[in-house]
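I opened my notebook to work through this one piece by piece. Here is what I looked up, in the order I did it.

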Amino acid sequence: RLQNKMAARRVVKEVPAWKQALTKWCYYKSYFPTIGLMRDDILNETADVKEAIKRLPEQDYNDRQFRISRAMYLSNRKVILPKDEWTKMEDDVRYLMPFVEEVKKEKLEKMEWNKL
């Protein structure tokens, strides 16, 4: 996680200020941070994503399940979290994407082996 945050900070430094402001505005206008979700929590659950979820460390999996359960509860009640509990853009790391990419690479490798 620390590496992801450090990489995100490095990318943020390279992006123009106007684009950072626009990105931040769009992020907070989205619904998912207001109910405590992260970007990877709302991915369409394809076969690759489902496999990646199975590979998550237990703590990350439990955190994800908690966020989704809480979001469903809030959404059903048609309320949002207090602003200080919203997911902050800086804390929203792509925790699932490395696993999704790994699954996709494995699929490609398996296809290559099956060609032989």
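**The ring cluster**

I started with the aromatic side chains and found that Tyr27, Tyr28 and Phe32 are linked into a cluster by ring pairs. I kept in mind that this is a predicted model.

How many aromatic pairs does the structure hold? I got 2. For Tyr27 and Tyr28, the ring centres sit 5.1 Å apart and the planes meet at 90°, so I wrote this pair down as edge-to-face. The pair of Tyr27 and Phe32 is edge-to-face too, with 5.4 Å centre to centre and 90° between the planes.

Next I checked the cover. Is Tyr27 buried or exposed? Its relative accessible area is 7%, which is under the 20% cut-off, so Tyr27 is buried. Phe32 is buried as well. Tyr28 comes out at 25%, so I put Tyr28 down as partly exposed.

Trp18, Leu22 and Trp25 make a nonpolar surface patch of about 410 Å². I looked up Leu22 and found it in helix α2, which covers residues 17–29. With a relative accessible area of 44%, Leu22 counts as partly exposed.

**The cores**

Which residues make up the largest nonpolar core? I listed 10 of them: Met38, Val49, Ala52, Ile53, Leu56, Val93, Tyr95, Leu96, Val100 and Val103. Two helices, α3 (47–54) and α5 (97–115), each give at least two residues to this core. The largest share is from α3, with 3 residues.

I picked Val103 from that list and looked up its contacts. Leaving out residues up to four places away in sequence, Val103 touches Asp48, Glu51, Ala52 and Arg55.

**The whole chain**

Last, I zoomed out. The chain has 5 helices and 0 strands, so my sketch of the order, using DSSP runs numbered from the N terminus, is simply α-α-α-α-α.

How much of the chain is buried? I noted 26% of its 116 residues. The chain exposes about 8,800 Å², and 58% of that comes from carbon and sulfur atoms.

Conventions:
Residues numbered from 1 in each chain as written. Predicted model: local features only at pLDDT ≥ 70, side-chain atom pairs only at ≥ 80, totals over all residues. Heavy atoms only, no water. Phe/Tyr/Trp six-rings, centres within 6.5 Å; stacked < 30°, edge-to-face > 60°. Buried < 20%, exposed > 50% of the residue type's maximum accessible area, 1.4 Å probe, protein only. Patch = residues over 30% accessible without salt bridge, like charges linked within 9 Å, V, L, I, M, F, W, Y side chains within 5 Å. Areas by Shrake-Rupley, 256 points an atom, 1.4 Å probe, with all protein chains shown as cover. Salt bridge = Lys/Arg side-chain N within 4 Å of Asp/Glu carboxyl O. Helix = DSSP H or I, 4+ residues; strand = E, 2+ residues; numbered from the N terminus. Core = buried A, V, L, I, M, F, W, Y, C linked by side-chain atoms within 4.5 Å. Contact = heavy atoms within 4.5 Å.
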